[in-house]
Amino acid sequence: MNINRLVGIVCLLGALMSSIGCDSQPASKYPVDKPLPVFGVSKMVDGLLVQHSIPSFSFVNQDSNQVSEKDFDGKIYIADFFFSTCPDICPMMSAQMVRVYEAFEDNEKVAILSHSLDPEYDTPAVLKDYASKLGVQAPKWNMVTGYSRRFISEFGQSNYLVTAKEDEGAPKGILHSGHFLLVDKDRKIRGLYDGTTEREVNMLIHDIKRLLNEE
């Protein structure tokens, strides 16, 4: 075979493989040969090692209904922290969470819980309007409010292990991460995903299915 032709074929194959590599992505964020990880520091309770889990809670959703951990009994849910007037990452997060909502809209074992970091402004009426513009409804997607900024920030950082705090240099004085958190039926965190990117939300959707099969 002509050496120039051979070199041309090798280059073409290399380009093809490179293209495939660029377009492909892992289906899951975590190893598929073992269960999804459990996040958070375990602690000793009455001599037993207990894994981190989300504690009991009670908030008010966009329909002015009380929402507690009991509403998620036996369900997987995806949690995040946002506020309705957030000008930067929240619109991207909301658009990506709509994809999760639509993917599992007919599955009663999957729900979404979004916590407002600006409870003084984000009244149930404001959240109702926000949800309506997205075309989503409770109880599949509960947008909840209540308490104070400080309480919600501490609740997010201590329990969901995400950045959520008051910061004068941030929009409206609120600094928060764009993570989506995958929580199992025992309220254990089983995955963290960048909620601003399609790539990571694709992996979240895949891992929700993994967790449904696992449970």
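Modeller: Two strands pair if DSSP finds at least two bridges between them. Strands (E, at least two residues) and helices (H or I, at least four) are themselves DSSP runs, numbered from the N terminus. Now the ground rules. The model is predicted, so local features need pLDDT of at least 70 and side-chain atom pairs count only at pLDDT 80 or more, while totals for chains, interfaces and linings use all residues. Residues are numbered from 1 along each chain as its sequence is written, and side-chain values use heavy atoms, with hydrogens and water left out.

Let us look at strand S10. It spans residues 179-183. Four of its five residues are buried, so S10 is mostly covered. Buried means under 20% relative accessible area, exposed means over 50%, and partly exposed lies in between (1.4 Å probe, protein chains only).

S10 pairs with strand S11, residues 189-194. The sense is antiparallel, and there are five bridges. His179 stands opposite Asp194 in S11. The two strands form a hairpin with five residues between them. In that hairpin, Arg187 takes a positive phi near 60°.

S10 also pairs with S5. This pairing is antiparallel too, over three bridges. Look for Ala79: its bridge partner in S10 is Leu181.

Now follow S5 onward. This strand covers 76-82, and the buried residues of helix H3 pack against it. They also pack against helix H2 (89-103) and strand S7 (141-145). Contact here means heavy atoms within 4.5 Å.

H3 runs over residues 124-134, and its buried residues are Leu127, Tyr130 and Ala131. They cover an arc of only 95° around the axis, which puts them on the same side of H3. That arc is taken from the directions from the helix axis to the C-beta atoms. An α-helix has 3.6 residues a turn, so residues three or four places apart point the same way. On the other side of H3, Ala125 and Lys133 are exposed. Just after H3 comes Gly135, with a positive phi of about 75°.

Last, step back. The chain has five helices and eleven strands. Of its 215 residues, 43% are buried. Take the contacts between residues at least 6 apart in sequence: 72% of them join residues at least 24 apart.
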